[in-house]
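Here is a short briefing to read alongside the sequence and the 3D view. Have both open, and we will go from the whole chain down to single residues.

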Amino acid sequence: MAGGHRLLLENAQQVVMVCARGERFLARDALHSLAVLEGASLVVGTDGFIKAIGRADAIQTLFSEETFEERIDCSGKCILPGLVDAHTHPVWAGERVHEFAMKLAGATYMEIHQAGGGINFTVEHTRQASEEELFCSFQQRLQCMMRAGTTLVECKSGYGLNLETELKMLRVIERARRQGPIGISATYCGAHSVPKGKTATEAADEIINNHLPKLKELGSRGEIHVDNIDVFCEKGVFDLNSTRRILQSGKDLGLQINFHGDELHPMKAAELGAELGAQAISHLEEVSDEGIAAMATARSSAVLLPTTAYMLRLKQPRARKMLDEGVIVALGSDFNPNAYCLSMPMVMHLACVNMRMSMPEALAAATINAAYALGKSHTHGSLEVGKQGDLIIINSSRWEHLIYQFGGHHELIEYVIAKGKVI
Ligand code: NIG
Ligand code: FE
């Protein structure tokens, strides 16, 4: 079968497929041994999708007559799926490095928030920023994420709170989504904080009656595509009842539920999310045993954010308990002005050291399970024939170096490839 293909990756020491049987997520025993091929090659077609993976000699025989736009000798190197970051807040203006100093001196996240800092501070600056300014800084952040191996990322709005600025943020996200090459799952997070002068109930009414209908209109005109709806369900922010109303309204519009829950206080957010059929619930430092059981049954994934627990010195989310109970555990960087981390290898490293996950568990959580959290694990998150050709090549003969190593990832990650194109 002669013909042209986009990319041939030849003779890698290891190709970490993650899963090989079309699984949409990995939980329980499936996490113990990821699918890894030794001495293997991989082909991506001109459509950007994976055409073949297999032993290097078999691929060589099968494709000997064919031409490739690009070939890369992967001897002594490992190929892994592009990393998926299941939770970020990457569009904002205003520097909050001074708050890091306050936290180091002992201030808590909520003390800073209630004194007008935190999200409120970023909202003020983001409202004032031009769309172009927001787009430029967002682009730079996406570049850093890609250099650290991320090829699909969830991006939230939520530093506008009013309709005008939320839409400005969503337009910025939409522009980057259309431009690529990084894949983006867009999240409307207008309920990230209660705007000054409003109660949570009034803010929820505004979202349900004004923001969501506008998103529907813009979506039907093909102007802005939104995938997920988010709420910061927290004591002093959105209570359980307002959270329920907002998430249900979003779900009625066809959005996937993907929200912040049980972070600083136990809120029974996990129980609510499971009841509403949430695709993902993030944070979960304070989740109850019942919440964990409900998430496992409902197959609502847990997006754990080791950077935040680390930065704020919170109690660690109970990753081991969740894994043992069969919850689909995913990872995200939570990149935001509070947790300034654009690197999923660093996130996996923290997950292993601080949350006691194994390296296969962390890799699955940052690939197939993170893709599941975004409703995209049928096309992303593993190296299987028919999936999108998003992958990374690391300059090491053992894939675990991606997690073992902390820092220096830019030298370790030699190529980042999206839809079969080196970026
Ligand atoms: O996930 N918890 C709420 N939202 C963010 C923090 C946002 C901010 O502080 O600007 C989080 O950690
Ligand atoms: Fe967050």
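Predicted model: local features only at pLDDT ≥ 70, side-chain atom pairs only at ≥ 80, totals over all residues.

The chain holds 17 helices and 16 strands. Its radius of gyration is 21 Å, close to the 22 Å that the globule rule gives for 423 residues, so the chain is as compact as a globular protein of that length.

**Overall fold**
- The C-alpha trace spans about 70 × 45 × 40 Å along its principal axes.
- Of the 423 residues in the chain, 54% count as buried.
- If you look at contacts between residues at least 6 apart in sequence, 71% of them join residues at least 24 apart.

**Annotated region**
- An unreviewed UniProt entry carries the annotation "domain: Amidohydrolase-related", which covers residues 79–422.
- That span is 45% helix and 16% strand, and its end C-alpha atoms lie 13 Å apart.

**Helix H6 and its surroundings**
- H6 runs over residues 163–179, which makes 17 residues.
- From first C-alpha to last, H6 reaches 24 Å, close to the 24 Å expected at 1.5 Å a residue.
- Its buried residues include Leu167, Met169, Leu170, Val172 and Ile173, and Glu166 and Lys168 are also among them.
- The cover over the buried residues of H6 includes helices H4 (119–128), H5 (131–147) and H7 (200–220), along with strands S7 (150–156) and S8 (183–191).

**Helices H7 and H8**
- Two packed helices are described by the angle between their axes and the distance between the axes.
- The axes of H7 and H8 (residues 240–252) come within 9 Å and cross at roughly 5 degrees.
- Angles under 35 degrees count as roughly parallel, so H7 is roughly parallel to H8.
- On the H7 side, the residues that meet H8 are Ala200, Thr201, Ala204, Ile207, Ile208 and Leu212.
- On the H8 side, their partners are Ser242, Arg245, Ile246, Ser249 and Gly250.
- An α-helix has 3.6 residues a turn, so residues three or four places apart point the same way.

**A look at Val353**
- Val353 sits in helix H13, which covers residues 344–355.
- Val353 counts as partly exposed because it has 14 C-beta neighbours inside 10 Å.
- Val353 and Ile184 are 169 residues apart in sequence, and their C-alpha atoms are 28 Å apart in space.

Notes. Residues numbered from 1 in each chain as written. Chains lettered and ligands numbered in written order. Helix = DSSP H or I, 4+ residues; strand = E, 2+ residues; numbered from the N terminus. Rg over C-alpha atoms; globule rule 2.2 N^0.38 Å. Buried ≥ 20, exposed ≤ 12 C-beta atoms within 10 Å, placed from the backbone. Contact = placed C-beta atoms within 7 Å. UniProt positions renumbered as here; feature names shortened; annotations may be inferred. Expected span 1.5 Å × (residues − 1). Axes fitted to C-alpha atoms, helices over the stretch in contact; angles between N-to-C directions. Parallel < 35°, antiparallel > 145°, perpendicular 65-115°, else oblique.
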